[in-house]
Amino acid sequence: MNEFYTDYAEYMSRFFPGKVQKISVNLGTGCPNRDGSIGTGGCIYCDNSSFTPAYCREGLSPARQAEAGKAFFARKYPKMRYIVYFQAYTSTYRKSADELRDIYTQALDVDGVVGLAIGTRPDCLPDETLDMLAAINREKPVFVELGVESLDDTTLRMVNRGHTAAQSIDAIRRLAAAGLHTGVHLIAGLPGESLDAALNTVERICRTPVESIKIHHLQMLAGTRLHTLWREGKIEIPSFGIDQYLDFCVKVVETVPRHIAIERFLASSPPLKVISPKWGMKNHEFTNLLINKLRQR
């Protein structure tokens with residue numbers, strides 16, 4: 001908790017006494033803009049392996065992955081409680097509401113699990129899935145993390161997102177109307193977008209019924225389509241240093257009202273995969289710099 005904005009710990013305290021830890025699991029559902037349903041190749045910046053923990057193995061059931069995650073964290077947090085985080089790809093894609101209900105229920109039955117976090121896209125939330133999630137949410141909290149990234153349609157097309165800004169706004173409203181705890185994922189510094197344009201997306205998101213925002217800078221990772229396009233001179237990426245990004249994050253904090261939590265500000269991928277920017281900084285280290293900068297204002 002800090003004096004400037006609602007962070008993730010303070011947000012979680014609205015639902016749980018004490019600390020909770022996310023355990024990532026991989027449902028293996030893929031994405032509609034990878035398999036040809038709406039497109040191929042996926043988002044040009046995406047490398048799921050860059051944020052998938054070693055214990056998160058697609059061949060195991062989500063419940064077994066959750067048990068493995070518990071074992072991983074138990075060494076450091078023996079009395080921790082957990083949220084199972086369906087993080088990889090699009091976790092509401094290619095499965096019916098009944099199939100997903102069974103999977104989510106099994107995850108919730110793991111000892112110590114107190115809630116679910118569902119990572120998905122604006123175009124993969126049919127009504128029956130929303131109804132199912134809302135029913136679970138009446139028993140244990142369900143946090144839906146919606147990949148929005150930008151509210152500029154030109155940018156969305158450039159990075160091959162496969163959905164529109166209007167679809168994002170509609171999905172946020174439908175999730176909130178269903179009583180679900182709605183968060184959005186945003187990326188600053190996407191191709192063709194200035195930091196001012198990213199701030200405009202933040203401002204617009206704050207006028208929707210979201211509960212949380214997770215924002216970070218764009219990282220160009222080796223082997224991604226973004227890296228290839230950049231190397232071939234076919235795409236330009238906005239260049240800014242850590243001081244510029246700190247100034248941007250100050251503006252984000254000043255823009256986001258206190259009832260909306262800001263979960264994080266920095267991406268953190270394996271250093272060997274990062275082409276740029278090479279800041280070599282963890283999220284908590286950046287947050288400390290940001291808090292110090294806010295205190296100087």
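**A pocket and its aromatic neighbours**

The second largest pocket has a volume of about 240 Å³, the space filled by probe spheres set on grid points joined across faces, edges and corners. A pocket here is an open set of points on a 1 Å grid over the protein atoms alone, where a 1.4 Å probe fits, with protein on both sides within 12 Å along at least five of seven lines. This model is predicted, so local features need pLDDT of at least 70 and side-chain atom pairs pLDDT 80 or more, while totals for chains, interfaces and linings use all residues. Residues are numbered from 1 along each chain as its sequence is written, and side-chain values use heavy atoms, without hydrogens and water.

The pocket lining has 14 residues. Gln219, Ser269, Pro271, Gly280 and Met281 lie nearest the centre.

Now turn to the rings. Two rings of Phe, Tyr or Trp (its six-membered ring) pair if their centres lie within 6.5 Å; planes under 30 degrees apart are stacked, over 60 edge-to-face, the rest tilted. The count comes to 15 aromatic pairs. One of them joins Phe72 and Phe73 edge-to-face, at 5.1 Å centre to centre and 90° between the planes. Phe72 is partly exposed, at 43%.

Phe265 and Phe286 have ring centres 6.5 Å apart and planes at 45°, so this pair is tilted. Both Phe265 and Phe286 are buried. They also belong to one aromatic cluster, with Tyr5, Phe240, Tyr245, Phe248 and Trp279.

Key
Buried < 20%, exposed > 50% of the residue type's maximum accessible area, 1.4 Å probe, protein only. 1 Å grid on protein atoms, 1.4 Å probe; cavity = no way out; pocket = protein on both sides within 12 Å on 5 of 7 lines; lining within 4 Å.
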